[in-house]
Amino acid sequence: MCGIIGYIGHQQAIPFLLDGLRRLEYRGYDSSGVAVKNGDISVHKKTGKVADLEASLPTKVEGTCGIAHTRWATHGGVTDENAHPHCSADGKIALVHNGIIENARSLRNYLEKEGIKLRSETDSEVLVHMIDREISTGAKPLTAVRRTLKRARGTWGICVVFESHEKIICARNGSPLVIGLGSGENWVASDTLPLQALTQQVIRLEDGDLAEVSVDGIKTSRFDGRTTDSEVTSLDGEWGEAELGDYPHFMLKEIHEQPEALRQCLTGRLDLKNGNARLGGLGLTAKQLQKIPHVRLLGCGTALHASQVGRLVIEQLARVPTVAHVSSEFRHNNPVIETDAIHFAVSQSGETADTLAAVKEIQLKGGEVRGVINVVGSTIARQCGRGCYIHSGPEQSVASTKAFSNMVAALSLFAIQIGRARSLSREKGKHLVKSLQKVPQLVEEYLANQGPIDEVVDLVKDAKSVLFLGRGISAPVAREGALKLMEIAYIPCLAYPAGEMKHGPIALLEEGSPVVVVAPNDSLKEKTVSSIQECRARGAKIILIHEEGDSIAEEADISIPVPATDPMFTPMLTVLPLQLIAYKAALALGCDVDRPRNLAKSVTVE
Ligand code: F6R
């Protein structure tokens, strides 16, 4: 969703701002804009891509301090006026805002009564006028921002520049801001990706923080005016390259990064000798694990599907009741929270508002939540305080791929750890740990020999709809395949547990209907064969994802074998052809693979 980048220093701001905006494009947006200070403040905004903004800029936009924004519309349509930055009436203050101002309507009424004309339909614009009013009473910039935010309700990450002050004022509440530290220059951004090539030293603002960022220093303070010492952290040690390299799209790059991503997740966490796994960051002893009444996992979209796989692995290996919940539903159903149960918030970005809200609901009711998160230092990771990072490296394609595999891997590690603390034998543990250790190699083998994906694309790309089926641990994999194809190729897809197909979706089948079946060589395979036959009897074409050497291949119209592994770990292999089918179908249909319409990478609104 919306992104922010700001610069103050001794160099021209515009190259940093434009480069930062390009690096924020992955979050999803529909317009962008910049404000650069050079005596007065010049503002340029444009709907469309960052390249459209760049093309519309005058040849020289000079100034060594500026702020910029990519907007994903929430309040008000996609127009140049609604794009950020927003300015005070005299143009002497400019502001960019991520988040939502919930009482914007009443603040707007108040401003209009005071004779102020707002130029946009956004909730954000009210803030700049409120700040301007405070400035006109003689308040200093920081005080003006603080007083304004005291009257605002909602979430914000804001950056404000003032014509007559050499600083950027920033504030965070619910929308992340990170300050990148340089020598005689500093940056501000809504995530670390635009900062990685510029500096390794960062300060991550906390909710309720304000910061004055100037050429030679950063002063942070709290909402109530107390000054704070902010911790400087290093970005070193976060693996992965944020650049595209030789790949045409981030999605393809990230699919191919899965072997390395999985190794990063598993390294140091497997105890081969004792057939155990170690997730030290969870802070749970074997004694505590023995007493846990149940486990609950929370996530959205792909993270939900990974949680549904994790639920089955945990329940199978540890024999402890486990449920996966849709985060966006969770807190609205007044859930009963057992304080000695384990809750996991599963999220790639660590910023998903629905999952964050679920975490807060559990904490409010006295429960503890642990994060299973990719982005280090993200809001959910910090809200949870404890958990395990999945170490996928930066994921920039909107369609999540390597994060799915690593979430499954991390939850599998937990399943082994809790299993071993309960009834899972050392022998079985050893077998599982060995199998898990081999998965990255198997993923590599499959990616080197992907099977007839192009044939599948020919079959699905013009289909009215595609049905995805799987049983047991493969049911969430089928859902994940359907989500991928739907979100980037815009093909209507349905996913069902294979046994449910005859209770409704079978009505859709006609001659030539494509049905993708995920059927690894597990105890449910024979049952899935019956579902395949029911589909074939209605003329459906079966695209079968199965394990190498398995005779089930005979049931397929198009057979895609993946390397065999332990039944608990098949999702990390069977998901691969589904990711590739979606990628290649989107390409064949001329879709924008990395930035599908209407979607955003981190969904920071409920
Ligand atoms: C699908 C996709 C989304 C996300 C969902 C949760 O490819 O990317 O469905 O999985 O928005 O996002 P995170 O994992 O960041 O909480």
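User: Why is Asn521 called partly exposed?

Analyst: This is a predicted model. Asn521 has a relative accessibility of 42%. Buried requires a value under 20% and exposed a value over 50%, with partly exposed in between; therefore Asn521 counts as partly exposed. Asn521 is situated in the loop between strand E25 (514–518) and helix H17 (525–536).

User: What makes the pairing of the side chains of Asn521 and Lys525 a polar contact?

Analyst: The side chains of Asn521 and Lys525 are paired at 3.1 Å. The cut-off for such a pair of N or O atoms is 3.5 Å, and the distance lies within it, so the term polar contact applies. Leaving aside residues up to four places away in sequence, Asn521 also touches Glu547 and Asp550.

User: Why is Asn334 called exposed, and where is Asn334 placed?

Analyst: The relative accessibility of Asn334 is 56%. Exposed means over 50%, so Asn334 counts as exposed. Its place is in the loop between helix H10 (327–330) and strand E20 (342–347). Phi of Asn334 is near 45°, a positive value in a residue other than glycine.

User: Why does Asn598 count as exposed?

Analyst: Asn598 has 65% relative accessibility; the class exposed begins over 50%, and Asn598 therefore counts as exposed. Asn598 is found in the segment after helix H18 (571–588), and its phi, near 70°, is a positive value in a residue other than glycine.

User: How do you know that the peptide bond between His84 and Pro85 is cis or trans?

Analyst: Omega is about 0° for the bond that joins His84 and Pro85, and this peptide bond is cis. Pro85 belongs to the loop between strand E4 (65–71) and strand E5 (86–87).

User: Which domains contribute at least three residues each to the shell around the ligand?

Analyst: Domain 2 (244–448) and domain 3 (450–597) each supply at least three residues. The shell divides into 6 nonpolar, 7 polar and 2 charged residues. The domain assignment also gives domain 1 (3–235), and the centres of domain 1 and domain 3 are 45 Å apart, taken over C-alpha atoms.

Technical notes
Residues are numbered from 1 along each chain as its sequence is written. This is a predicted model: local features need pLDDT of at least 70, side-chain atom pairs count only at pLDDT 80 or more; totals for chains, interfaces and linings use all residues. Side-chain values use heavy atoms; hydrogens and water are left out. Helices (H or I, at least four residues) and strands (E, at least two) are DSSP runs, numbered from the N terminus. Buried means under 20% relative accessible area, exposed over 50%, partly exposed in between (1.4 Å probe, protein chains only). Contact means heavy atoms within 4.5 Å. A polar contact is a pair of N or O atoms within 3.5 Å; within protein, one must be able to donate a hydrogen and the other to accept it, and residues adjacent in sequence count only if both atoms are side-chain atoms. Domain bounds come from an automatic or database domain assignment. Ala, Val, Leu, Ile, Met, Phe, Trp, Tyr, Cys and Pro count as nonpolar, Asp, Glu, Lys and Arg as charged, and the others, Gly among them, as polar.
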